[in-house]
Amino acid sequence: MNIYVGNLSYRVDDKDLAELFSKFGSVKSAKVITDRETGRSKGFGFIEMETSIAGNEAIEALNGKESEGRTLRVNEAKPREERPRREY
């Protein structure tokens, strides 16, 4: 199950994100999205949980909770929409 995590502190990295969700079950992958040019966190990321049961428990427990002074937004990730490439 893929999970979107928004409003993350800019200090959170992939390892911290995986650690936060590991309390609810096995984490397949954790990725904090970073700016391509600066490498700085964009304040959101994605978690892939082994089972949807663990994913739903994590969503229920963490959505609206505070982490490092910020209120997390946690919900099931929607498939990425295909967008045409922008030409300059």
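User: In the hairpin of β2 and β3, which residue takes a positive phi?
Analyst: Gly39 does, with phi near 80 degrees. The hairpin has 6 residues between its strands. Strands are DSSP runs of E of at least two residues, helices are runs of H or I of at least four, and both are numbered from the N terminus. The model is predicted, so local features need pLDDT of at least 70 and side-chain atom pairs need 80 or more, while totals for chains, interfaces and linings use all residues. Residues are numbered from 1 along each chain as its sequence is written, and side-chain values use heavy atoms, without hydrogens or water.

User: How do I read the sheet, and in what order do its strands lie?
Analyst: Strands of a sheet pair through backbone hydrogen bonds, either parallel or antiparallel. DSSP must find at least two bridges between two strands for them to count as paired. Here 4 strands form an open sheet, ordered β2-β3-β1-β6, with antiparallel pairing. β2 (27-34) and β6 (73-76) are the edges, each pairing on one side only. Neighbouring strands are turned by 20 degrees against each other on average, direction ignored. For such angles, axes are lines fitted to C-alpha atoms, for helices over the stretch in contact, and values run from 0 to 180 degrees between N-to-C directions.

User: How many bridges join β2 to β3?
Analyst: There are 6, and the two strands run antiparallel. Ser29 stands opposite Glu48 of β3. β1 (residues 2-6) pairs with β6 over 4 bridges, also in the antiparallel sense. There, Tyr4 faces Asn75 of β6.

User: Which strands does helix α1 touch?
Analyst: Contact means heavy atoms within 4.5 Å. Helix α1 (residues 14-21) packs on the sheet and touches β1, β2, β3 (41-49) and β6. Its direction makes about 135 degrees with that of β2. Helix α2 (residues 52-62) lies across β1, β3 and β6, at about 155 degrees to β6.

User: Which residues of the largest nonpolar core touch the most other members?
Analyst: A nonpolar core is a set of buried Ala, Val, Leu, Ile, Met, Phe, Trp, Tyr and Cys residues joined through side-chain atoms within 4.5 Å. Buried means under 20% relative accessible area, exposed over 50%, and partly exposed in between (1.4 Å probe, protein chains only). Of the 18 core residues, Ile3, Val5, Leu8, Leu17, Phe21, Ile47 and Val74 touch the most others. β1, α1, β2, β3 and α2 each supply at least two. α2 gives the most, with 4 residues.

User: How many salt bridges are there?
Analyst: The criterion is a side-chain nitrogen of Lys or Arg within 4 Å of a carboxyl oxygen of Asp or Glu. That gives 2. One joins Arg11 and Glu68, with closest N and O atoms 3.2 Å apart. Arg11 sits in the loop between β1 and α1, and Glu68 in the loop between β4 (66-67) and β5 (70-71), so the pair ties together parts 57 residues apart in sequence. Lys28 and Glu48 form a salt bridge at 3.8 Å. Lys28 belongs to β2 and Glu48 to β3, so this pair links parts 20 residues apart in sequence.

User: Is Ser9 buried or exposed?
Analyst: Ser9 is buried, with a relative accessible area of 5%. This residue lies in the loop between β1 and α1. A polar contact is a pair of N or O atoms within 3.5 Å; within protein, one must be able to donate a hydrogen and the other to accept it, and residues adjacent in sequence count only if both atoms are side-chain atoms. The side chains of Ser9 and Glu68 make one at 3.3 Å.
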